[in-house]
Amino acid sequence: MKPLQNTFNKYLFFLFSLATFIFLPAKLFADTDLRDFLNSDKFLDIALTKVSKYNQLFFIPASETMTIEAGNRQIYSGKTQKITIQAIKGNQMKLQIGSEKSLQLGGSVKIIPSADTTSYIQIKLSQRTSFSFRGNITVFSKNSTLKIINSVFIEDYLKSVVPSEIPPSAPLQAIEAQTVAARTYAIRNFNQHKKDNYNLCDSVHCQAYTGIAKEDSRTTKGVVNSIARILLAPSTKEPANTVYHSNCGGYLISSQAAWGGKAVSYLVGHYDGIKGYKPFCYFGNRYFKKQSLSGMPDKKQKLVVGVTPPYAKQKLFPSSGHRVGMCQDGATGMAACGYSCTQILKFYYPGTQLVKLNYGLSDSIRLIDDSYNKPKGTIADKPSATKDPLSAITDALKTKDPRILTTVSQTKQPEILTKSGKDMIKEAAERIKKQQEREKEAEKAKLKNKVEEIKTETLKKIKLPVTPATKKVIKK
Ligand SMILES: [Zn+2]
Ligand SMILES: [Zn+2]
């Protein structure tokens with residue numbers, strides 16, 4: 001009896017270690033490595049052109065403590081103090097921290113306020129004029145002028161960009177649609193200024209960005225509601241060309257009609273409204289002017305994109321802007337009718353996919369939003385989900401979502417991945433592969449053990465006396 005008891009104990013011990021073996025690495029992966037992987041590239045480097053024309057500037061971080069780096073070396077860490085930087089000959093800078101520390105250096109200086117959601121840095125040009133930015137500020141000197149780059153979390157960047165693009169008085173669903181378009185634009189143009197060593201500039205050349213002063217709680221809500229969502233072009237699966245304009249005049253025109261070139265399946269000409277009703281932009285315009293909206297369709301009316309010939313340019317009233325993609329007055333009119341953010345996006349960029357992403361590392365971790373991409377838009381009425389992308393990915397990994405596994409291993413779009421991002425994706429793919437292999441091995445061992453158990457049970461049933469010979473059999 002004793003050897004059998006031992007086998008049973010061994011079996012229990014094996015089961016226990018198997019459980020530890022399978023579940024422990026899975027948990028570690030989801031909580032630790034994945035978090036690093038996700039956090040690695042959420043920042044955009046924005047050139048602050050408006051403040052990059054002075055030879056002396058003052059920096060006042062709004063946080064308890066701060067760190068200053070010169071190149072990659074930390075030169076200050078402690079209580080926050082006013083920083084004065086002056087450009088001098090030979091691309092050198094004079095740096096003064098508070099009233100004590102003063103030094104001269106070349107290269108770049110990075111000011112990092114302590115990590116806090118409310119921290120920012122005030123850049124003072126004079127006693128009266130200043131700008132405030134979230135994130136970190138890098139300063140370098142070129143031809144006796146200070147050049148400033150702001151590394152900012154893309155969602156914080158959008159908090160300042162969106163109110164420059166759409167009035168904060170617009171309905172929330174229109175603001176959300178505008179945010180998705182602006183976020184997609186930022187990701188698509190991530191390499192716009194690669195040769196200048198930053199991602200985007202702060203002027204209308206990229207998207208107008210002026211920092212905290214422009215933020216408005218109403219547009220910030222739209223940014224939060226649509227967190228990390230962008231549109232992908234249907235065929236290439238790259239961030240879509242989410243162009244938008246102020247008012248289409250009643251009919252949108254195709255990208256070909258506006259700019260020539262190849263046809264773009266989601267930038268087609270069509271009536272900006274529902275047959276039998278005035279266009280959405282007619283109502284959107286009246287919405288902003290606080291005029292009567294009578295005769296407006298409601299959200300029960302089915303949305304149909306009736307494509308017009310490629311070079312058609314008809315309109316019903318004066319337009320404003322290029323008339324391609326999303327009509328902003330139209331989006332406002334749609335939201336006023338009760339249509340959701342996803343319905344607005346589907347109407348102005350038909351056939352695109354809505355995905356959640358982690359900036360720069362998008363392809364490896366994006367999750368397709370089924371509610372947007374299902375042909376029958378039943379769930380499209382729902383407002384944008386507020387679940388943050390990190391927990392969505394973590395959940396998906398816990399359930400071993402096959403989409404995650406395939407997208408991690410078959411990552412495309414290398415142009416928007418940083419080198420470190422690529423390495424991390426590779427590493428993550430390897431980890432997943434190894435984990436799958438380990439699980440396979442464990443499964444095999446489990447099977448083997450079952451066979452062993454049956455063997456033992458059979459021996460027990462045929463009541464063989466426990467002799468050294470049977471002991472041997474059991475051991476095998
Ligand atoms: Zn630019
Ligand atoms: Zn319109």
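At what angle do helix α6 and helix α7 pack, and how far apart are their axes? In this predicted model, α6 (residues 280–288) and α7 (residues 328–337) pack at an angle of about 85°, and their axes are 6 Å apart. Angles of 65 to 115 degrees count as roughly perpendicular, and α6 and α7 therefore stand roughly perpendicular to each other.

**Helices**

On the α6 side, the contact is formed by Phe280, Cys281, Tyr282, Phe283, Gly284, Asn285, Tyr287 and Phe288. Helix α7 contributes Asp329, Gly330, Ala331, Thr332, Gly333, Met334 and Ala336. Sorted by class, the residues in the contact of α6 with α7 are nine nonpolar, five polar and one charged.

Helix α8 spans residues 341–348 and is mostly covered, with eight of its eight residues buried. The buried residues of α8 are Cys341, Thr342, Gln343, Ile344, Leu345, Lys346, Phe347 and Tyr348.

**Strands**

Six strands make up an open sheet with antiparallel pairing, in the order β7-β6-β5-β2-β9-β10. The edges are taken by β7 (101–105) and β10 (130–133); each has a single partner strand, so one side of each has no neighbour in the sheet. On average, and with direction ignored, neighbouring strands of this sheet are turned by 20° against each other.

Methionine 66 has proline 113 in β8 as its bridge partner, while serine 108 lies opposite phenylalanine 140 in β11. The pairings are listed below.

**Confidence**

The average pLDDT of the protein chain is 78, and 71% of the residues score at least 70. Residues 12–40 have a pLDDT below 50; this stretch has 29 contacts in the model beyond near neighbours in sequence. Residues 375–421 also have a pLDDT below 50, with 84 contacts in the model beyond near neighbours in sequence. Where pLDDT is low, the predicted coordinates should not be read in detail.

How values were computed:
Residues are numbered from 1 along each chain as its sequence is written. Chains are lettered from A and ligands numbered from 1 in the order in which they are written. This is a predicted model: local features need pLDDT of at least 70, side-chain atom pairs count only at pLDDT 80 or more; totals for chains, interfaces and linings use all residues. pLDDT is the predictor's confidence in each residue, from 0 to 100. Two residues are in contact if their C-beta atoms, placed from the backbone, lie within 7 Å. Axes are lines fitted to C-alpha atoms, for helices over the stretch in contact, and angles run from 0 to 180 degrees between N-to-C directions. Helices (H or I, at least four residues) and strands (E, at least two) are DSSP runs, numbered from the N terminus. Angles under 35 degrees count as roughly parallel, over 145 as roughly antiparallel, 65 to 115 as roughly perpendicular and the rest as oblique. Ala, Val, Leu, Ile, Met, Phe, Trp, Tyr, Cys and Pro count as nonpolar, Asp, Glu, Lys and Arg as charged, and the others, Gly among them, as polar. A residue is buried if 20 or more other C-beta atoms lie within 10 Å of its own, exposed if 12 or fewer, and partly exposed in between; C-beta atoms are placed from the backbone. Two strands pair if DSSP finds at least two bridges between them.
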